Amino acid sequence: MKVLYIIRGLPGSGKTMLAYKVTNYCFAADDYFTVPGCAYGFDPSQLKDANEWCRRNVELAMISSMHDIAVHNTFSQRWEAEP
């Protein structure tokens, strides 16, 4: 059985920490702005693209053999949580 955890909350509230306590298969729109070995570079003008990127990655995880998948986003806007 696959489980999808939706973790939402304010920035800095511990969403990421909780997600990684539940599973190693964690996804967030913030990951879109992070390049390994580089600084975090948030750009609010790309937020819609970041959320779509996250949604696609979660969808791929759901159709793969991954179990216990977590999405940890603020979901502060209704359109972010709808998909």
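This is a predicted model: local features need pLDDT of at least 70, side-chain atom pairs count only at pLDDT 80 or more; totals for chains, interfaces and linings use all residues.

Residues are numbered from 1 along each chain as its sequence is written, and side-chain values use heavy atoms, with hydrogens and water left out.

A pocket is an open set of points on a 1 Å grid over the protein atoms alone, where a 1.4 Å probe fits, with protein on both sides within 12 Å along at least five of seven lines; lining residues have an atom within 4 Å of a point. The largest pocket has a volume of about 370 Å³, volume being the space filled by probe spheres set on the points. Of its 21 lining residues, Lys 15, Asp 30, His 72, Asn 73 and Thr 74 are the closest to the centre. Two or more lining residues come from each of α1 (15-22), α2 (47-63) and β3 (69-73); helices are DSSP runs (H or I) of at least four residues, strands (E) of at least two.

The second largest pocket holds about 320 Å³. Among its 17 lining residues, Arg 55, Phe 75, Glu 80, Ala 81 and Pro 83 lie nearest the centre. Helix α2 gives the largest share of this lining, 8 residues.

Strand β1 contains Ile 6, which is exposed (over 50% relative accessible area, 1.4 Å probe, protein chains only), at 53%.

Technical notes. Buried means under 20% relative accessible area, exposed over 50%, partly exposed in between (1.4 Å probe, protein chains only).
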